[in-house]
Amino acid sequence: MEEMLKTEDLWVSIEDRQVLKGVYFSMNYGEINVLFGPNGAGKTTLMMTLMGFPKYKVEQGKIYFKGEDITHLDLYERAKLGLGISFQRPPTVKGVSLEKLIGIINTNGRSREYLDSIIDKLNLSGHMHRGLNDGFSGGEMKRSELLQLMVQRPDLVLIDEPESGVDIENIALVGEAINSLLGKDKVKDKKRSAIIITHTGYILDFVNADKGYIVFDGKLLCRGNPRDILSEIKKHGYRRCAECR
Ligand code: ADP
Ligand code: MG
């Protein structure tokens, strides 16, 4: 079976600054892959490039999703193919309420009952009529991002630091939401997949990740068991990994 996602020798710049320097990555359907790495290594850049944000300029290399070359597809076309993203720092949109946005995203016509049940589960009932992310706490923003993804239901979700700004109690909630999003809470879903960027690794306590990588200086290094990689980072920092390659 072909891979769900593959990048070949991906070089990406932002405003003439070379950030990704030859990323080779591939993942199969149904997998959860985790990216670690120091600040500024290029983790967010990789996700934003996969999603197709125009600021991230592909200088060289290819991106394939479900067997199709998507390197030069527009963002909305990638979304239609089944890609979705949860931002590290989602923007504030004062004139658009979360309720309104959910209505726009809900192209599959999910019932009011279903929407209310997930809104309730994510503890967002009191936030639906406020401007999007307007004055939301870090944790509320992350939950709002997950709500949007649960309505969109992409086949591959790119989740950038789901636990940043989330207090310890709510990390379990975020973890459950990710599992539910991926259908991993019920019958094992063979298809839904995720790439998750994590700094702290807390999310690994709630989500059953298959593979981990370290992003270091614009490259992908050290593929392995995510828990082993995390304990290695805790013991020796990131540099040791960069040296051993
Ligand atoms: P990470 O998510 O691993 O912390 P990023 O992908 O956000 O790293 O950033 C990688 C590098 O690209 C950093 O050096 C960062 O300063 C730079 N960068 C990110 N966004 C911009 C931008 N809009 N303009 C210029 N440089 C940027
Ligand atoms: Mg980042």
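V34 stands opposite I196 in β10. That pairing comes from a predicted model, in which local features need pLDDT of at least 70 and side-chain atom pairs count only at pLDDT 80 or more, while totals for chains, interfaces and linings use all residues. Residues are numbered from 1 along each chain as its sequence is written, chains are lettered from A and ligands numbered from 1 in the order in which they are written, and side-chain values use heavy atoms, with hydrogens and water left out.

A word on terms. Helices (H or I, at least four residues) and strands (E, at least two) are DSSP runs, numbered from the N terminus. Two strands pair if DSSP finds at least two bridges between them.

β3 and β10 are parallel and share 4 bridges. On to β9: 5 bridges join β9 to β10, again in parallel, and L156 has S193 in β10 as its bridge partner.

Now the whole sheet. There are 6 strands, in the order β6-β9-β10-β3-β11-β12, forming an open sheet with mixed pairing. β6 (83-86) and β12 (219-224) are at the edges with a single partner strand each, so one side of each has no neighbour in the sheet. From one strand to the next the twist averages 20 degrees. Angles run from 0 to 180 degrees between N-to-C directions, and axes are lines fitted to C-alpha atoms, for helices over the stretch in contact.

How enclosed is β10? 5 of the 5 residues of β10 (193-197) are buried, so the strand is largely enclosed by the rest of the structure. Buried means under 20% relative accessible area, exposed over 50%, and partly exposed in between, with a 1.4 Å probe and protein chains only. S193, I195 and I197 point one way from β10, A194 and I196 the other.

Helix α7 (226-236) lies across β3, β11 and β12, at about 40 degrees to β11.

F216 is in strand β11, and at 16% relative accessibility F216 counts as buried. Beyond its neighbours within four places in sequence, F216 is in contact (heavy atoms within 4.5 Å) with P38, A41, L221, Y238, R239 and A242.

Next, helix α1. 8 of the 9 residues of α1 are buried, so this helix is largely enclosed by the rest of the structure. After α1 comes G52, with a positive phi near 100 degrees.

Which residues coordinate the magnesium ion? T44 (OG1) and Q88 (OE1) coordinate the ion, which is ligand 2, at 2.0 to 2.3 Å. T44 lies in α1 (43-51) and Q88 in the loop between β6 and β7 (93-97), so the pair ties together parts that are 44 residues apart in sequence. Donors are N, O and S atoms within 2.8 Å of the metal (3.2 Å for Na, K and Ca), and water is not among the atoms, so sites may look incomplete.

T44 counts as partly exposed, at 24% relative accessibility. A polar side-chain atom of T44 also lies 2.8 Å from an oxygen atom of ligand 1. For T45 the corresponding distance from a polar side-chain atom is 2.5 Å. A backbone N or O atom of G42 lies 3.0 Å from an oxygen atom of ligand 1.

Key. Polar contact = N/O pair within 3.5 Å; in protein donor to acceptor, adjacent residues only side chain to side chain.
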